[in-house]
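Morning, everyone. I have one model to walk through, and I'll keep it brisk. Please have a look at it first.

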Amino acid sequence: MQELLSSIYLFLKSGHVIFMVFWLAGLFMLPRQCIYMLDHEPKSAGEAKWATRMGKLRAIILTPSMIIVWVLGLSMAWSGGWFSEGWLHAKLTLVLIMTGYHGWLVGQTKKMARGERPLTEKQLRMIGEVPGLLLVLIVVLVYLKPF
C-alpha cells in the first residue's frame, strides 16, 4: 500500500492543496455570511435565505473539503514516513485546531439559523481571521520544516 501511495504522491499532494484552498475559502466565507445574517431579524425571510446559503456552504464545500484534506494529508504522511517528524506533529496539532474551529463555527451558524445571535459583528470579524493565522503557521511548518 505504501508503494502505491508513493507512486501517486504528486496526485495526493495536488489534491491536498486544492481541497485545502476550498476548505480555507469556506472558513473565510462563513463568518462573513454570519455578519450578513445579522442585518436581518430572527425568523425573517432574509435570515432564512442566509441560513440556507450557510447550510449549502457547509454541506457542499466546507465539510467535504475538510474530510478530503485529512484523508489526503494522512495518506501523504504515511507514504512519506513522516509520523516521527516534529514539524508534522506541530502541523497536525494546528490542523486539529482548525478542525475544531470549523466544528465550533458550524455550531454558531446553526444557532444563528435558529434565530439566536451568539456573536457580535466585531467578534465575527475577529474570529474570521483565525484560519488565516493558522494557514500561515501551517505553511511555514510544511515548507521550512524547522524541527
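Is the crossing of α2 and α3 left-handed or right-handed? It is left-handed. One caution before I go on: this is a predicted model.

Let me put that crossing in place. Helix α2 covers residues 9-38, and helix α3 covers residues 45-80. Their axes come within 7 Å. They cross at roughly 155 degrees. That makes α2 roughly antiparallel to α3, because an angle over 145 degrees counts as such.

Now, what sits in that contact? Sorted by class, 24 residues are nonpolar. Eight are polar, and four are charged.

On to the rings. How many aromatic pairs does a search of the whole structure find? Five. I'll take two of them.

Start with Tyr-9 and Trp-82. Their rings are edge-to-face, with 90 degrees between the planes. Centre to centre, the distance is 6.1 Å. What does this pair link? Distant parts of the chain. Tyr-9 belongs to helix α2, while Trp-82 lies in the loop between α3 and α4, and they are 73 residues apart. Helix α4, for reference, is residues 86-113.

Tyr-9 has a relative accessible area of 23%, so it is partly exposed. Trp-82 also counts as partly exposed, at 23% relative accessibility.

The second pair is Phe-19 with Phe-22. Here the ring centres are 5.4 Å apart. The planes stand at 90 degrees, so this pair is edge-to-face. Both residues are in helix α2. They are three residues apart, which means a separation of about one helical turn. Phe-19 is partly exposed, at 25% relative accessibility. Phe-22 is partly exposed too, at 40%.

Back to Tyr-9 and Trp-82 for a moment. Which cluster do they belong to? Ring pairs link Tyr-9, Trp-82 and Trp-87.

Trp-87 brings me to charges over rings. What sits over the ring of Trp-87? The charged end of Lys-145, 4.6 Å from the ring centre.

The charged end of Arg-53 sits over the Trp-50 ring. From the centre of that ring, the distance is 4.3 Å.

To recap: α2 and α3 cross left-handed, Tyr-9 and Trp-82 pair across distant parts of the chain, and Lys-145 has its charged end over Trp-87. Over to you.

Notes
Residues numbered from 1 in each chain as written. Predicted model: local features only at pLDDT ≥ 70, side-chain atom pairs only at ≥ 80, totals over all residues. Heavy atoms only, no water. Axes fitted to C-alpha atoms, helices over the stretch in contact; angles between N-to-C directions. Helix = DSSP H or I, 4+ residues; strand = E, 2+ residues; numbered from the N terminus. Parallel < 35°, antiparallel > 145°, perpendicular 65-115°, else oblique. Left-handed = near helix turned anticlockwise from the far one by under 90°. Nonpolar A, V, L, I, M, F, W, Y, C, P; charged D, E, K, R; others polar. Phe/Tyr/Trp six-rings, centres within 6.5 Å; stacked < 30°, edge-to-face > 60°. Buried < 20%, exposed > 50% of the residue type's maximum accessible area, 1.4 Å probe, protein only. Lys NZ or Arg CZ within 6 Å of the ring centre and 35° of its normal.
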